[in-house]
Amino acid sequence: MALLEMRGIRKRFGGVEALRGVDLALEAGEIHALVGENGAGKSTLMKVLSGALQPDAGEVELDGRPLRPRNVAEAQRAGVVMVYQELNLVPELTVAENLALGHLPVVVRYGRLYEAARALLGKMALELPPDAKVSSLGAGAQQLVAVARAFAQRAKVMVFDEPTATLSAGEVDQLFGLIRRLRTEGVAVAYISHRLEEIFELADRVTVLRDGERVATTGVGELTPARVVALMVGREVRAYQRPAHPAGEVLGTFEVQAPRLAPLSLALRRGEIVGLAGVVGSGRSEALEAMFGLRGRALWRGEPIGRPIDALRRRVFLVPADRKAQGLVLELAARENVVLSILPTLERLGVVVRARERRVVEEWFQRLSVRPPDPERLARTFSGGNQQKLVLAKGLATAPEVLLLEEPTRGVDVATRYEVYALLDDLARGGLGLVVSSSDTEELCGLCDRVLVFRGGRVVAELTAPLRREEVVARVTGAVA
Ligand SMILES: Nc1ncnc2c1ncn2[C@@H]1O[C@H](COP(=O)(O)OP(=O)(O)OP(=O)(O)O)[C@@H](O)[C@H]1O
Ligand SMILES: [Mg+2]
């Protein structure tokens, strides 16, 4: 018998049937991947499991006993933990103190506290200083502490929902090491990701959800990436390749100066999509942010961009990677988010001109096929991928001439990704210049006319189409200088 069994789980949000009777079994000591398109119901299923949501129907058993958590704390006490981005650590306490949280004695004996922390960190093969304040650690390290703590609290089932989205390559390696350690210790791990490489590297079994139903549960050995994609979308999807298109005239030149970045000059043509490649910290994101006035100084067509408002005035828009922190106000309606950056142009006599607002929002909802197509829903209630589309819509509503994009398809499923690429191609054909910074080399090769490769704060290579993935990877990693 499986450690954890979910049977016939149903969940409806208003008119949306997010889960239509889903079964899922997790074995002790397995890593079980959950994949599916945006909105397929992955996060909802895991929220039911971890007590964040109540199902409308269905049952859950843990160790053969019914589990009906009314909230997250109850699920945690039963041994089911979801590792959120917002992690419930106390930033002002040390790693050791955080690890002991929940069972801290009234009088803390520090010697013993550190000893216990060291033992636990050693067991999990984590190289973290027990006496460091959590607030001094990077996002990745903080996540590791949270996982270690859940383990210390005897979690039997641990859920990861797109945990690598904000991690560097080194941090991802550490997290994977830790997750494998959890498997050895007999924890059942559920792992959600849109990155198929991660699934094939990590998972033992894979469950595919489509439209709120389970379409398959299979050992990873019986699957190929193409097969997983076909199961997800119900048909075959080939890698994207931008169709041929004419080169336009030069739109302008960015001159970029920022700390830890060699001076950079980038002439951008209409219709062109320029890729920025490089590992985290290579300077590619820094360069992109400087073009938008978020750091350092930039000139665009000889005019200074020192702050984002300068960029917006010159019709340069940045679509950020972290849609939750920078892109969206989650507690506002989708409509309000989309028009946020164009409010000044919509407002007349201090009154937002509703009809125009509705037209703009409806246009972008349609062109991006946002689902569900209801602009009045709170941004929070859209699935991750559809939230990404809202951020894009917000940028496009400003009618930019230059669109800067950071990780434009992070958290976006393979099929929707295709739609986003087609849209970017369409925008470029309409006369925009695009700069795309991405860690996904397949994306860069399929989408871009040329790719600037960053290493150590400078551009070390400029590759032009036809782009080969092996070559980009070799340059990014420094395998080829
Ligand atoms: N709190 C909510 N209120 C209303 N609808 C919701 C809520 N949470 C999720 N939904 C809807 O339920 C469906 C499933 O969403 P869910 O977040 O589970 O998808 P997902 O598979 O995690 O997608 P993604 O890969 O984009 O994160 C979507 O249509 C979503 O819009
Ligand atoms: Mg999700």
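This briefing covers strand pairing, helix packing, nonpolar cores and backbone exceptions in one structure.

The model is predicted: local features need pLDDT of at least 70, side-chain atom pairs count only at pLDDT 80 or more, and totals for chains, interfaces and linings use all residues. Residues are numbered from 1 along each chain as its sequence is written, chains are lettered from A and ligands numbered from 1 in the order in which they are written, and side-chain values use heavy atoms, with hydrogens and water left out. Helices (H or I, at least four residues) and strands (E, at least two) are DSSP runs numbered from the N terminus.

**Strands and sheets**

- Four strands form an open sheet in the order S2-S1-S4-S5, and their pairing is antiparallel; two strands pair if DSSP finds at least two bridges between them.
- Strand S2 (16–26) and strand S5 (65–66) are at the edges with a single partner strand each, so one side of each has no neighbour in the sheet.
- Strand S1 (residues 4–13) runs antiparallel to S2, and eight bridges join them.
- Within this pairing, Ala25 in S2 is the residue opposite Glu5.
- Elsewhere, strand S7 (residues 157–161) pairs with S6 in the parallel sense, over four bridges.
- Phe160 in S7 is the bridge partner of Val83.
- Strand S6 (residues 80–83) has Val80 and Met82 pointing one way and Val81 and Val83 the other way, and all are buried; buried means under 20% relative accessible area, exposed over 50%, and partly exposed in between, with a 1.4 Å probe and protein chains only.

**Helix packing**

- Helix H15 (residues 384–396) packs with helix H16 (residues 414–429) at an angle of about 10°, and their axes are 12 Å apart. Axes are lines fitted to C-alpha atoms, for helices over the stretch in contact, and angles run from 0 to 180 degrees between N-to-C directions.
- H15 and H16 are therefore roughly parallel to each other (angles under 35 degrees count as roughly parallel, over 145 as roughly antiparallel, 65 to 115 as roughly perpendicular and the rest as oblique).
- On the H15 side, Lys389, Leu392 and Leu396 meet Thr416, Glu419, Val420, Leu423 and Leu427 of H16; contact means heavy atoms within 4.5 Å.
- The contact of H15 with H16 has five nonpolar, one polar and two charged residues. Here Ala, Val, Leu, Ile, Met, Phe, Trp, Tyr, Cys and Pro count as nonpolar, Asp, Glu, Lys and Arg as charged, and the others, Gly among them, as polar.
- In helix H18 (residues 469–477), the buried residues are Val472, Ala474, Arg475 and Val476.
- The cover over the buried residues of H18 includes strand S13 (273–277), helix H17 (441–447), strand S21 (450–455) and strand S22 (458–464).
- Gly478 follows H18 and has a positive phi, near 85°.

**Nonpolar cores**

- The largest nonpolar core has 46 residues, of which Leu390 and Leu403 touch the most other members. A nonpolar core is a set of buried Ala, Val, Leu, Ile, Met, Phe, Trp, Tyr and Cys residues joined through side-chain atoms within 4.5 Å.
- H16 supplies the largest share of this core, six residues.
- Not counting residues up to four places away in sequence, Leu390 touches Leu328, Ala334, Val338, Phe365, Val370, Ala379 and Phe382.
- A second, separate core has 41 residues, including Val83, Leu128, Leu137 and Val145.

**A buried loop residue**

- Ala333 is in the loop between helix H11 (323–327) and helix H12 (334–339), and is buried at a relative accessible area of 6%.
- Leaving aside neighbours within four places in sequence, Ala333 contacts Pro375, Glu376, Arg377, Leu378 and Ala379.
- From Ala333 to Leu4 is 37 Å in space, C-alpha to C-alpha, and 329 residues in sequence.

**Backbone exceptions**

- Most residues other than glycine have a negative phi, and most peptide bonds are trans.
- The Arg371 to Pro372 peptide bond is cis, with omega near -10°; Pro372 is in the loop between helix H14 (354–367) and H15.
- Ala465 and Pro466 are also joined by a cis peptide bond, with omega about 0°, and Pro466 lies in the loop between S22 and H18.
- Arg154, not a glycine, has a positive phi of about 65°. Arg154 lies in the loop between helix H5 (139–152) and S7, and is exposed, with a relative accessible area of 67%.
- Asp211, not a glycine, has a positive phi of about 50°. Asp211 is in the loop between strand S9 (205–210) and strand S10 (213–219), and counts as exposed at 53% relative accessibility.
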